[in-house]
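The following paragraphs lead the reader through a structure, from single residues to the contact between chains. Please keep the sequence and the model at hand while reading.

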Amino acid sequence: MSPVIEVRDLRKTYGSGDTAVHALRGLDLTVQKGEYIAIMGASGSGKSTLLNILGCLDVPSGGEYLLDGIDTGEFDEEQLSLLRNRKIGFVFQSFNLVPRTTALANVELPLVYAGVRRAQRRERALAALDLVGLRDRTHHRPNELSGGQQQRVAIARALVTSPAIVLADEPTGNLDTDSSREVLGILDRLNATGRTVVLITHEDEVAAHAMRTVRVVDGRVAGVLV
Amino acid sequence: MRIFEIAAFAVRGLTANKMRSGLTTLGILIGVASVILLIAVGNGASSAVQQSIAGLGTNILTISPQRAQPGTTAKPLTTADAAALVGQDSPAVKYASPVVSAQATAGYGDTTHDIGQFIGSDPRYFDTTNSAVAQGNLFSDNDVQQARKVVVIGATVAAQLFPGLDPVGKSVLVNNIPFTVVGVLAAKGSSGLQDADDLAVAPLTTTQNALTGYGGLTQIVVQARSADALPDAQAQVTTILNGRHKTTGTADYRILSQDQLLTARTATTETFTVLLASVAAISLLVGGIGITNIMLVTVTERIREIGIRKAVGAPRSSILGQFLIEATLLSLFGGALGVAAGVVGSRFTIAGIQPVLVPSSVLLAFAVSALIGLFFGSYPASRAAKLRPIEALRHE
């Protein structure tokens, strides 16, 4: 089975000259299909940079990133946007829902850009909201939802396109314990149905949900805990 | 399908901030409305001028003095010149009226009025200028010979000096010289640049006596026997005047026919229209810059939203499209309202001019407003589209 994510000698430098910051210094990582991985590390270790590159939100300064067997290094911005749309579901710490827009419309958003027809879009968005237990909140706007509910909408949006991987950047970082448990439960269920999940966390309880934990120190993988 | 969705995002973006969208629309509205309205005013003025010149009749020649060439002295046009133009040598000429004009202030009781044009001529002048009398009578040849202090006044002068009174028989002071009003001319209406009814006509002799002195004439108005005889009349007049003025080379007078007069006046009003239109175009440009400004603010304010859209896979083109459509909708909406305002506004008389809508200007202003949205919206839109997703998402 070919890996979903294959990263070789990944480098990322911000700035140049004396003020250059090396966020990633030759990082290697392989994630197999159906895996559930937690990435841990101190702040400034480069774990967020790694996840942004995995999510095609940022481009590396050097190294290789193969997503689902595709070398992303040769892709231009137009093709990367296609990858983000079809292959990746991203969940942010700060939810990042489009303001003044209903939960349903937020979940439908990736499908709009994928060119899915209206009726089918609605059906798939409702199914995704059903999966995160928010079928009764479809017409609420983000400011009418609790933090946990907003994050569940964001997860519904991430999985509505049936992506190859779901990436989550500290998804429970802004949530209380109950909401965190719900969100982690949803991610567990997603993984149980075969979806690949990569999440960043600095909490051991969260990491405990994963099959293995990757520790990032100074822009390199320091160790893998199974 | 997709473009429709993107347009829906654009509409949602605009309705999210109605106040701001409204004010931007207002900028374009004012620009488009003023383009349409000012061009209509200019057009109205020029058609009024054309009408008033057409009212002169098609068989008129106007002779006016012209500065002589260097080294020669110009002979003024005289009453004798005018008299010489009618006779055996000029069978095509019916009349030749000498005309002088003066600056004059008329007073009646406590009221005074600066008369636009005070003209001294003979009774034929009324015929050649198609002036009809509304009250009283015109003056006669006898009045001219006797240099009687009588005057025929235009409707505006009558209204200014004698509100609610019958002016006929009253005595007015023209530059402190008493004249008896013998008649009031029928109103002709404004010709746009000047009020054709703001005039007074007195016998030539009286006017020269009292106001202008016995210098040269301002004009000689020649009426040909018919419109067809006009070229003959012009040739005959030229021969006679050249003989009398001993003209060699460039003449010290110039003859304008109806057509030439029309061309000259039309050129003036066209300049006027172009001037008005350029002022209006500037206001349209200002409206366009307003759109750029608002769109830049909108883009900056919604950078995070742009980041979210990009993160879920919005391609550059759809972000570009969304913001371009927003800008274009703003300007199209403003343009449509501006067309409505311009069309409604042109139904009213503005500064004495009845505007005449130019359909092509309506079309042009509307098309330009649509293009303004595209043009001025493209910079902010492309800025939005070029943002890297992670940079946009990190923006606070």
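In which loop of chain A is the place of A:Cys56? A:Cys56 is found in the loop between α1 (47-54) and β4 (62-67) of chain A, where helices (H or I, at least four residues) and strands (E, at least two) are DSSP runs, numbered from the N terminus. The model is a predicted one, in which local features need pLDDT of at least 70 and side-chain atom pairs count only at pLDDT 80 or more, while totals for chains, interfaces and linings use all residues; side-chain values use heavy atoms, with hydrogens and water left out. Residues are numbered from 1 along each chain as its sequence is written, and chains are lettered from A and ligands numbered from 1 in the order in which they are written.

Although A:Cys56 is not a glycine, its phi is positive, at about 60°. A:Cys56 counts as buried because its relative accessibility is 4%; buried means under 20% relative accessible area, exposed over 50%, and partly exposed in between (1.4 Å probe, protein chains only). A:Phe95 is another non-glycine residue with a positive phi, here about 65°. A:Phe95 belongs to the loop between β6 (88-91) and α3 (103-114) of chain A, and with a relative accessible area of 11% it is buried.

The charged side chains come next. Side chains of opposite charge can pair when their charged atoms come close. For a salt bridge, the rule asks for a side-chain nitrogen of Lys or Arg within 4 Å of a carboxyl oxygen of Asp or Glu. Over all chains, a search of the whole structure finds 21 salt bridges. One of these joins A:Arg84 to A:Glu77, with the closest N and O atoms 3.0 Å apart, and both A:Arg84 and A:Glu77 are buried.

A:Asp178 is classed as partly exposed because its relative accessible area is 49%, whereas A:Arg181 is classed as exposed because its relative accessibility is 56%. Salt bridges that share partners also join A:Glu108, A:Arg121, A:Arg122 and B:Glu5 into one network.

How many salt bridges does the rule find across the interface of chain B and chain A? The rule finds two across this interface. The side chains of B:Arg388 and A:Asp58 meet in a salt bridge, at 2.9 Å from N to O. The contact (heavy atoms within 4.5 Å) takes 29 residues from chain A and 25 residues from chain B. Between them the two chains bury about 2,400 Å², of which 57% is on carbon and sulfur atoms; buried area is the accessible area (1.4 Å probe) that two parts lose on being put together, summed over both.

Chain B itself is divided by its domain assignment into domain 1 (2-51 + 265-394) and domain 2 (67-251), with bounds that come from an automatic or database domain assignment. The C-alpha centres of domain 1 and domain 2 of chain B lie 52 Å apart.

Within chain B, B:Arg302 lies in the loop between α9 (258-301) and α10 (303-311). B:Arg302 forms a salt bridge with B:Glu305, the closest N and O atoms being 3.2 Å apart; both residues are buried. In the case of B:Arg302, this label applies because its relative accessibility is 8%. Leaving aside residues up to four places away in sequence, B:Arg302 touches B:Gly13, B:Gln322, B:Phe323 and B:Glu326.

Elsewhere in chain B, B:Thr238 lies in helix α8 (residues 230-245) and is partly exposed, with a relative accessible area of 25%. B:Thr238 and B:Leu85 are 153 residues apart in sequence, yet 9.5 Å apart in space, C-alpha to C-alpha. The contacts of B:Thr238, not counting residues up to four places away in sequence, are with B:Tyr253 and B:Ile255.
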